[in-house]
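Here's a quick briefing to read alongside the model.

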Amino acid sequence: MSKFALITGASRGIGKAISHYFAQQGYSLILVSRNKDNLNQTKLELESLYTTNNIETITVDFNKPTEVESAIKSIIARHDTIDVLVNSAGILMAGHTNLTLDQLSELINVNLVSTITTCNLVVEKMKLQGYGEVYNLGSTSGLEPVAKIAAYSATKAAIVSYSQSLYQELLPDNIQVCCLCPSVVDTDMTNDGRIANDLKIEPQDLIKAIDFVRSLSSGASMPTLPIRCKVIDLEK
């Protein structure tokens, strides 16, 4: 029976890189993203490289949690199992007290409400099947808040806390939870010129992190995994 990995934010950056990893591992993929054109391009790219995989794409806006809920419920109903969930959908928005209500709502909807909604629904299915792996994308800014991105840091701190609680809750259900917490990753989301791209974390580093967590023995676990950008630590 084919193994399925559901990956949100799969049309670019970290999510796209992780999609390649699970395709290489022989998984069929359920790719979720807001941008239909980018998502279709990712599907074509993966199909050209990994011919044995079934790849399904779902377009949904994570700023609309009720639509995300419907989309995820539909996915769950169509598949007997979901073996892996990667919550990579997210947005970065600079600002703190100057953010508008619409900006703040979008940050919270995308990074928090829709992400937790997706995770809750998939985890309930994993409980029924008796196993699963969950990888949530947090951030080092959720571990050590950054003043210039206070609202973003708050959403990521919530994801870190949620993931750590979920890790404890799901241990008896044979479901592994890991919150990956990178700092600045070289993607289009961070390409603002403040840090040279060659000094950032590479998306490939997130793949290596997942592969490391998956390689641990059955008696070991890693609920939270920070991955730091050296140049930021040097500037502190």
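Start with Arg 214 and Glu 133, whose side chains meet in a salt bridge at 2.8 Å, N to O; a salt bridge here is a side-chain nitrogen of Lys or Arg within 4 Å of a carboxyl oxygen of Asp or Glu. Arg 214 sits in helix α6 (residues 203-215) and Glu 133 in strand β5 (residues 132-137), so the pair ties together parts that are 81 residues apart in sequence. Helices (H or I, at least four residues) and strands (E, at least two) are DSSP runs, numbered from the N terminus.

This is a predicted model, in which local features need pLDDT of at least 70 and side-chain atom pairs count only at pLDDT 80 or more, while totals for chains, interfaces and linings use all residues. Residues are numbered from 1 along each chain as its sequence is written, and side-chain values use heavy atoms, with hydrogens and water left out.

**Around that first pair**

- Arg 214 is partly exposed at 26% relative accessibility, whereas Glu 133 is buried at 18%; buried means under 20% relative accessible area, exposed over 50% and partly exposed in between, with a 1.4 Å probe and protein chains only.
- Strand β5 is mostly covered, with six of its six residues buried.
- In a regular strand the side chains alternate between the two faces of the sheet.
- In β5, Gly 132, Val 134 and Asn 136 point one way, Glu 133, Tyr 135 and Leu 137 point the other way, and all are buried.
- Strand β4 (residues 84-87) runs parallel to β5, and four bridges join the two; strands count as paired if DSSP finds at least two bridges between them.
- Opposite Glu 133 in β5 stands Val 84.

**Overall layout**

- The protein chain has seven helices and seven strands, and from the N terminus on they run β-α-β-α-β-α-β-α-β-α-β-α-β-α.
- Of the 236 residues in the chain, 51% are buried.
- Among contacts with a separation of 6 or more, 70% come from residues 24 or more positions apart; contact means heavy atoms within 4.5 Å.

**Other salt bridges**

- How many salt bridges does a search of the whole structure find? It turns up eight.
- Side chains of opposite charge can pair when their charged atoms come close.
- Glu 45 bridges to Lys 16, with the closest N and O atoms 3.1 Å apart.
- Glu 45 lies in helix α2 (residues 36-49) and Lys 16 in helix α1 (residues 13-24), so this pair ties together parts that are 29 residues apart in sequence.
- Glu 169 forms a salt bridge with Lys 127, the closest N and O atoms being 3.7 Å apart.
- That pair links distant parts of the chain, with Glu 169 in helix α5 and Lys 127 in helix α4, 42 residues apart.
- Glu 169 is partly exposed at 46%, and Lys 127 is partly exposed at 29%.
- Glu 124 joins Lys 127 and Glu 169 in a network of salt bridges.

**Nonpolar cores**

- The largest nonpolar core holds 34 residues, of which Leu 6, Ile 75, Val 122 and Val 134 touch the most other members; a core is a set of buried Ala, Val, Leu, Ile, Met, Phe, Trp, Tyr and Cys residues joined through side-chain atoms within 4.5 Å.
- Two or more residues of this core come from each of β1 (4-8), β2 (28-33), α3 (65-78), α4 (101-129), α5 (150-170) and β6 (175-182).
- Leaving aside neighbours within four places in sequence, Ile 75 is in contact with Leu 6, Ile 30, Val 32, Ile 58 and Ile 82.
- A second, separate core of 31 residues includes Val 86, Cys 178, Leu 206 and Ile 207.

- Most residues other than glycine have a negative phi.
- Asn 174 is not a glycine, yet has a positive phi of about 60 degrees.
- Look for Asn 174 in the loop between α5 and β6, where Asn 174 is partly exposed at 46% relative accessible area.
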